[in-house]
Amino acid sequence: MMCGICGCSDDSTTHHEHRMAKTMHQHENHNVIQIEQDLLAKNNQYARENRDYFLKEKITAINLMSSPGSGKTTLLARTFTDRQQDMDMTVIVGDQQTDQDAQKLQSAGLHAVQINTGKVCHLDAHMVGHSIEHVSHQHQGILFIENVGNLVCPALFDLGEAFRVVLLSVTEGDNKPLKYPDMFRASDLMLLTKIDLLPYVEFNTNKAIEYAQRINPSIHALSLSATTSVGLKEWYLWLKNASKKITHVH
Amino acid sequence: MHELSLCRSLLDIINEHVVGNYFKCIKKVTLEVGQLSAVDESALRFGFEIVTKGTLAEGAILDIITIEGQAICNACHQYVKLEHYYDACLNCGQFSLTVTQGEELRIQSMEVA
């Protein structure tokens, strides 16, 4: 006979009860509890709360991700130096250990808050939610969330950001989008960094972009060097437009 | 090793369902894992073993149901199998695909005694 609540029609079911909206089937001396819940449900709930807060304050939250050493901190320090006059910027920076990145950004004059994740290889929405409490009120500004350097794990965790930006330095190899597809699939923009080193490495910019667009047809790509300033103008324009999209939401 | 974080979330969900009930142990946990999700099965099993030590779920069987990747091609509008994100449409060879299945990461059920 079919159960009216869960549709179960297992003949071997000897006993059957529904407790607190939970479905339970007793098969002899063990029960099966149907759960049907996303493993990331809790993170996604925190991410929603962060996102609501950012929207309310018209903060443009940008999740910056890459492997270690691709130039996230250097680019942020440079961006602040160049554009502090017309853009309000704050950084939450995640690393497993040390506050060296926050210090580097602070010495450039940026308001930076460090999160040490300890053994954890990515930021999650809960950590970001707590660190927002330490960020001074910055209505309508840009909040950079510099993720832990790692091209795999951070892709899975929504932090409540409006945009995801992945950095790929030319010293890393142009096939990275194919090797680490999740990161590129989840990003709005890919920044090819350190392009001043192109003469010294085997890196095909067009190939890297083609591979990234294979994984994610809607990903945008920009090439730049924070050392020589090539391409920075386009990056600042992208930031300006990203910020406009958020501040003009009613 | 984000699998370890995922296993901690899994244990949290298990605990939510254990509270208020008098179970002796958890015998089996069934997960649905999409073929395209960024999760490694052996890392997941390893993480599960670690986080469940000393809990009701210690020694439980971790049953992983793999969900095949599937996409609809934006060029030829056919549903096709998709094993990797970098694969082309099996029908027309284009790369513009919208994933319709295979990114799942869900706990389906658990068996308790």
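Thr30(B) sits in strand E1 of chain B, in what is a predicted model. With a relative accessibility of 6%, Thr30(B) falls under the 20% cut-off and therefore counts as buried. Leaving aside residues up to four places away in sequence, Thr30(B) touches Asp63(B) and Ile65(B), and also Arg106(B), Ile107(B), Gln108(B) and Ser109(B).

Val29(B) belongs to strand E1 of chain B as well. Its relative accessibility is 0%, so Val29(B) counts as buried. Again not counting residues up to four places away in sequence, the residues that Val29(B) touches include Leu10(B), Ile14(B), Phe48(B), Ile61(B) and Met110(B). Asp63(B), Ile107(B) and Ser109(B) are on the contact list of Val29(B), and they are on that of Thr30(B) too. For a sense of scale, take Val29(B) and Val80(B): they are 51 residues apart in sequence, and their C-alpha atoms are 30 Å apart in space.

## Where chain B meets chain A

Let's turn to the interface. Here 31 residues of chain B are in contact with 30 residues of chain A. The two chains bury about 3,000 Å² between them, and carbon and sulfur atoms give 60% of that area.

How many salt bridges does the rule find across the interface of chain B and chain A? There are three. One salt bridge joins Lys42(A) to Glu16(B), with the closest N and O atoms 3.2 Å apart.

Which elements of chain B supply at least two residues each to the side that touches chain A? They are helix H1 (2-18), strand E1 (26-34) and strand E6 (105-112). H1(B) gives the largest share of that side, with nine residues. Sorted by class, the side of chain B that touches chain A holds 16 nonpolar, eight polar and seven charged residues.

## Chain A as a whole

Chain A has eight helices and 10 strands. It is 250 residues long, and 52% of them count as buried. Looking at contacts in chain A between residues at least 6 apart in sequence, 68% join residues at least 24 apart.

## Helix H3 of chain A, face by face

Helix H3 of chain A covers residues 100-107, and its buried residues are Asp101(A), Ala102(A) and Leu105(A). Viewed down the axis of H3(A), the buried residues fall within an arc of 100°, so they line one face of the helix. The face turned away from that buried side carries Gln100(A) and Ser107(A), which are exposed.

What covers the buried residues of H3(A)? The cover includes helix H2 (72-83) and strands E5 (89-95), E6 (111-116) and E7 (142-146) of chain A. Just after H3(A) comes Gly109(A), which takes a positive phi of about 105°.

## Ala212 in helix H7 of chain A

Ala212(A) lies in helix H7 of chain A, which spans residues 205-215. Is Ala212(A) buried or exposed? Ala212(A) has a relative accessible area of 0%, so this residue is buried.

Not counting residues up to four places away in sequence, Ala212(A) touches Pro177(A), Phe184(A), Met190(A) and Ile219(A). Gln97(A), by comparison, lies 30 Å from Ala212(A), C-alpha to C-alpha, and the two are 115 residues apart in sequence.

Notes. Residues are numbered from 1 along each chain as its sequence is written. Chains are lettered from A and ligands numbered from 1 in the order in which they are written. This is a predicted model: local features need pLDDT of at least 70, side-chain atom pairs count only at pLDDT 80 or more; totals for chains, interfaces and linings use all residues. Side-chain values use heavy atoms; hydrogens and water are left out. Contact means heavy atoms within 4.5 Å. Buried area is the accessible area (1.4 Å probe) that two parts lose on being put together, summed over both. A salt bridge is a side-chain nitrogen of Lys or Arg within 4 Å of a carboxyl oxygen of Asp or Glu. Helices (H or I, at least four residues) and strands (E, at least two) are DSSP runs, numbered from the N terminus. Ala, Val, Leu, Ile, Met, Phe, Trp, Tyr, Cys and Pro count as nonpolar, Asp, Glu, Lys and Arg as charged, and the others, Gly among them, as polar. Buried means under 20% relative accessible area, exposed over 50%, partly exposed in between (1.4 Å probe, protein chains only). The arc is that of the directions from the helix axis to the C-beta atoms.
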